Amino acid sequence: MKARTKKGIALLLICMLALASLTGCGGGGDDTEARTDLNWALSAEPNSLDPMAIAMMSTFTVTYAIYDNLVEANENGEYVESLAESYEISDDEMEYTFKLRQGVKFHNGTEMTADDVVYSINRTIEKGWAADMTAAIDKVEKVDDYTVKLSLKEPFGAMIGSLASPYFSIMSKAYAEENGEDAVERAPMGTGAYKFVEWVNGDHITVEANEEYFGGAPAIKTVTFKPITDKNTGLVALQAGETDAFLNVNNSDISVVQDDENLAFYSTDIAAVLSLNMNIEAKPLDDVKVRQAINYAINRENIIKGALEGNGTAANSSISPTCDGYSDKVAGYTYDLDKAKALLKEAGQENLKLTIKIKEDAKIQKVAQVIQADLKEAGIEVEIDIMEAGAYTTDVYSEGDYEMTISSWCAMFTDAYSLLYSQFHKDCYGGSGNITHVVSDELSGKLENAARLTGDEKQAAYEDVATDISEQAYVASLVFEPTTITTNANLKGVAADALGIYKIKRMSW
């Protein structure tokens, strides 16, 4: 058996590049010396606090405060035990046996046992939102009150990373069954460092410190999560001290917050790739030469300078550098207008008209305008269709009624598997993530093979996958963008997170 102890495993899943790129600045006085509260801005109000059935990344900062996992990523990017005291992986990597901590209490005072873990993992499977992470699981069973065995259908190199994602939060079986779905969604109860207090629609969600937390009572005692959807409003709230943390200020405001001694600014590459997705079922985008021509016609530096205020790096791959499996050896597309025109001529598409559908978003609109201008130079006339978020989701994800769109699919943990499987595997066709409508047995087989591997073999396999996606030009990988967080300068324990999910239990004044 391969033993895993409390020291955890040094992961490649959070690359050293991401850690090295963290930056911080800001000063400020000691006026927060007596504070034990925290005001945290959310980019949108949650529609639910059920961690197994939501897809709003900002909401997971709330659920991570309330729930724990069997394992979690620590500050150094290592997966370490949390509710699990230790675990072992069988030599064939088909069985994971977890020894649970004894005496861990849910917020209502009942003890967490194997029954709760089995119930929670099965609920994750049944909900289906983490289908890419649960696909390899055959069954989960209770060995005894403090031992759980997870059996796989086939080896899955990203299993531990998956178990650390918020979709695998551990909840009380009794609480969920006795109180129903409404309670899980609106009044969650876990073992986490914070207890749910209230949710006032349209205004705030409040949690308070769990003084009996097995990992030690958190330093911050009360956290108020408030939705602030407008970035200009967010900046004003930061400057006025009305909020202590705001994610992803406008690129044009970065220098403003960096120069403010009362604020601290942190940045790292996000576990996503800003991309132009192409519906390969829509003619003439079913022709690989047309898709390749579009890739060559886009000047990625124009996007960085013209739409992103100089923030970002031209993408060579559909895998972010923050994700395990990224390789700088993947040959991306460089700007080559002559080659773009030649490919369009070969495809018989010299006077092409296409539409980019995007949701209402100032940044994405700027990116679309740059692409529109670039493609015009290649002889492609592009119309930009700006849509309300609900209508956009229906057209692009539910009905596949679009030609091109701009998106940034974020991983749920920093691994190429989480970034690529849902986007390009044939089983995820359509609304599950594969909006390009790629149905390739060869590519799906490569994704399945890569998922079984670890180490150098995994790296090589994902390099092959990313090369395949690039050569077939299912998307135009555009930019590796930074993700940022701006906080009160006196807030300690903050570092930019590649997923944009934060663990407040590690913070203090």
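Two strands are taken as paired if DSSP finds at least two bridges between them. Helices (H or I, at least four residues) and strands (E, at least two) are DSSP runs, numbered from the N terminus. The model is predicted: local features need pLDDT of at least 70, side-chain atom pairs count only at pLDDT 80 or more, and totals for chains, interfaces and linings use all residues. Residues are numbered from 1 along each chain as its sequence is written, and side-chain values use heavy atoms, without hydrogens and water.

Confidence is expressed as pLDDT, the predictor's confidence in each residue, from 0 to 100. Its mean over the protein chain is 92, and 94% of the residues reach 70 or more. Residues 1-30 stay under 50. For this stretch the model has 86 contacts (heavy atoms within 4.5 Å) beyond four places in sequence.

Strand β6 (residues 84-89) runs antiparallel to strand β7 (residues 95-100), joined by 5 bridges. Ile89 stands opposite Tyr96 in β7. The hairpin of β6 and β7 has 5 residues between the strands, and Glu93 takes a positive phi near 60° there. β7 is also joined to strand β9 (residues 147-152), again antiparallel, by 5 bridges. Here Lys99 stands opposite Thr147 in β9.

An open sheet of 6 strands has the order β16-β20-β15-β19-β17-β18, with mixed pairing. β16 (313-314) and β18 (380-387) stand at the edges, each with a single partner strand, so one side of each has no neighbour in the sheet. Within the sheet, strand β15 (residues 274-278) pairs with strand β20 (residues 475-480) in the antiparallel sense over 4 bridges. Leu274 stands opposite Val479 in β20. Helix α13 (residues 389-398) packs on the sheet and touches β17 (352-359), β18 and β19 (404-407). The direction of α13 makes about 130° with that of β17.

Axes are lines fitted to C-alpha atoms, for helices over the stretch in contact, and angles run from 0 to 180 degrees between N-to-C directions. Helix α14 (residues 416-424) packs against helix α16 (residues 455-472) at about 40°, with the axes 12 Å apart. That angle makes α14 oblique to α16 (under 35 degrees is roughly parallel, over 145 roughly antiparallel, 65 to 115 roughly perpendicular, and the rest oblique). Ala416, Tyr417, Leu420 and Phe424 of α14 make the contact with Tyr462, Val465 and Ile469 of α16.
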